Amino acid sequence: TNDSTGLTERETARRAYKMAKEFVADFDNSFQNLFFYGDTGVGKTFLSHCIAHDLLDSAHCVLYFSSFELFDFLAGSAFSRGSDAPDDEPIFDCDLLIIDDLGTELTTAFTQSALYTLINSRLISGRKSIISSNLTMLELRRRYTPQIVSRIDGEYKPLFFFGRDLRIVKREREA
């Protein structure tokens, strides 16, 4: 049982599953963003992929990036010249943007600025996002600007994941 939520690992997983089903079912009728955070290997990325799969099946435009891939792409867009610059417009305009493993990227002035611009632009335009991270809200506050944390804390529905790393559990079962 988790001390802060009072829920078991199984109850937390059921709650996450229910939240994901509601997110998909209400996708076209309500504006909601999700922030998945917690331990490594407990299903944050898997659940994001399940949501993406269901929305893609219903003809929505979904983009998925690890945080490293996202900032690498945005840097290429920002610093390339001429016709070889990648088009970053789909990142701002897709129906759902998934940013996985926020906090694993090298935090620089560029990544701070790019993350703020991306989150703020998507909020203003009513575009939905899912962000997952192994960082707690306290760790986010230490790493990112107050403007970024305020938007995540105030505009994203948080869901804490905890438990044993499922990759390790799987390996132990196979051994």
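Modeller: Ile-152 is in contact with Phe-35, Leu-102, Ile-119, Ile-131 and Leu-140, leaving aside its neighbours within four places in sequence; contact means heavy atoms within 4.5 Å. This is a predicted model, where local features need pLDDT of at least 70 and side-chain atom pairs count only at pLDDT 80 or more, while totals for chains, interfaces and linings use all residues. Residues are numbered from 1 along each chain as its sequence is written, and side-chain values use heavy atoms, with hydrogens and water left out.

Ile-152, Leu-102 and Leu-140 touch the most other members of the largest nonpolar core, which has 28 residues. Such a core is a set of buried Ala, Val, Leu, Ile, Met, Phe, Trp, Tyr and Cys residues joined through side-chain atoms within 4.5 Å; buried means under 20% relative accessible area (1.4 Å probe, protein chains only). Among the elements that give two or more residues to this core are β1 (33-38), β3 (96-102), α5 (109-124) and α7 (146-155). Here helices (H or I, at least four residues) and strands (E, at least two) are DSSP runs, numbered from the N terminus. α5 gives the most, with five residues. Apart from this core lies another, of 18 residues, including Met-19 and Phe-27.

Now the sheet. Five strands form an open sheet, ordered β2-β3-β4-β1-β5, with parallel pairing; two strands pair if DSSP finds at least two bridges between them. β2 (62-66) and β5 are at the edges with a single partner strand each, so one side of each has no neighbour in the sheet. Five bridges join β3 to β4 (residues 128-133), and Leu-102 stands opposite Ser-133 in β4.

Notes: Buried < 20%, exposed > 50% of the residue type's maximum accessible area, 1.4 Å probe, protein only.
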